[in-house]
Amino acid sequence: MKKLDFRSDTVTMPTAKMLERMVQAELGDDVYGDDSTVNKLEALAAELLGKEAGLFVPTGTMGNLLAIMSHTTPGQEIILEENCHIYLYEVAGIARVAGVQAKPIKGIDGVMSPKDLENAIRKENIHFPETGLICLENTHNMAGGMVVPLENMESIYALAKHKNIPLHLDGARIFNASRYLNKDVKEIARFTDSVMFCFSKGLGSPIGSMLVGTKDFIKKARKLRKMLGGGMRQVGVIAAAGILALEEMPKVLDIDHTNAKLLAKGLNKLAGINIDIEKIHTNIVNVDFSNTGLSTNQLIPKLQERGLLSNPRNNDVIRFVTHKDVSSDDVKEAIEMIKETINQG
Ligand code: TLP
């Protein structure tokens with residue numbers, strides 16, 4: 001049976017061209033700095049994001065953790081949005097490995113108000129930890145792939161600079177944000193000190209993420225990467241796919257964004273479903289099924305029986321993610337499957 005896999009854009013398979021590049025890649029031992037393909041990818045990424053240097057890492061989770069460890073010292077506090085990936089989905093690595101305390105702030109659609117943030121920054125007091133870092137996420141995964149407006153990022157960055165606090169962006173899907181805003185990734189990254197982004201999501205590369213920032217910051221992160229066991233050897237074999245991803249894949253994300261809207265509009269025709277189309281900025285659609293009388297625990301296995309894969313957000317909400325390996329026909333088929341499943345109750 002054909003599987004329609006809407007669980008995540010992480011499920012994307014490398015393109016034939018990527019596989020070709022991987023086979024042809026020039027390799028070396030990257031721990032010695034000898035892998036020219038990795039060096040090329042790191043330089044290209046840094047240039048695209050307007051930063052001094054880059055570091056290729058196995059996963060987004062490691063990239064974020066390295067950023068936090070490089071910017072902070074154990075015992076500090078970091079401010080982040082309460083539904084962000086770093087806080088919810090990274091196995092508390094910030095506490096366990098980086099040794100920092102999280103100060104989560106309530107956001108609206110993933111957007112924190114600069115005023116709330118300012119209030120959360122610690123003053124000097126014998127009782128308090130220091131605020132060591134502010135983290136943002138754009139696009140915001142839990143907010144259904146919504147894009148944090150650049151004006152908001154600009155205000156928060158100005159505040160961070162004023163308070164002398166570094167700012168890290170979890171830009172796992174920064175290229176989706178860039179396509180939505182019709183702005184270069186550099187225009188987003190300028191309101192940050194460091195950015196992590198992923199090759200292994202909508203850009204379709206099989207493995208890998210990138211951390212960018214100043215030369216000093218990346219030097220620190222490179223040593224910490226070694227400590228965490230992320231010093232890879234002939235890793236140009238996957239970096240080669242990353243280079244192709246940067247060259248050719250960002251524009252493909254537009255199709256994913258169109259398909260996400262198609263899905264949301266189709267589902268809105270079903271009784272009990274009401275998705276705000278204005279909030280479908282990129283490739284993630286959070287669908288609240290609570291008015292259909294079915295919980296996500298009931299729905300997801302039934303959809304799976306029909307060949308439609310998805311992930312729950314909670315008892316009411318399912319997340320559907322569009323990506324290059326689901327077509328508009330697949331989206332239409334998915335809508336029909338959901339309709340039939342709801343009708344059967
Ligand atoms: N997100 C995955 C899961 O972990 C939930 C997904 O399917 O969406 N930042 C953001 C905003 C992410 O969405 C993710 C992955 C990461 C970081 C971590 O990237 P990886 O999976 O490479 O460690």
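How do the residues of the shell around the ligand divide into nonpolar, polar and charged? Here, 3 are nonpolar, 7 polar and 6 charged.

Quick housekeeping. This is a predicted model, where local features need pLDDT of at least 70 and side-chain atom pairs pLDDT 80 or more, while totals for chains, interfaces and linings use all residues. Residues are numbered from 1 along each chain as its sequence is written, and side-chain values use heavy atoms, leaving out hydrogens and water.

Okay, the ligand. It is surrounded by 16 residues, and S8, G60, T61, D170 and R319 are the closest; to be counted, a residue needs a heavy atom within 4 Å. Helix α3, residues 60-71, gives the largest share of that shell, 3 residues. Helices here are DSSP runs of H or I, at least four residues, and strands are runs of E, at least two, numbered from the N terminus.

Now some polar contacts, meaning pairs of N or O atoms within 3.5 Å. On the nitrogen side, a ligand nitrogen is 2.7 Å from an N or O atom in the D170 side chain. Alone, the ligand would expose 510 Å², and the protein buries 83% of that (Shrake-Rupley method, 1.4 Å probe).

N138 and T139 are joined by a cis peptide bond, with omega about 0 degrees, and T139 is in the loop between β5 (131-137) and α7 (150-163). Then there's A92: not a glycine, yet its phi is positive, about 60 degrees. You'll find A92 in the loop between α4 (85-88) and α5 (93-96).

Note on methods. A polar contact is a pair of N or O atoms within 3.5 Å; within protein, one must be able to donate a hydrogen and the other to accept it, and residues adjacent in sequence count only if both atoms are side-chain atoms. Ala, Val, Leu, Ile, Met, Phe, Trp, Tyr, Cys and Pro count as nonpolar, Asp, Glu, Lys and Arg as charged, and the others, Gly among them, as polar.
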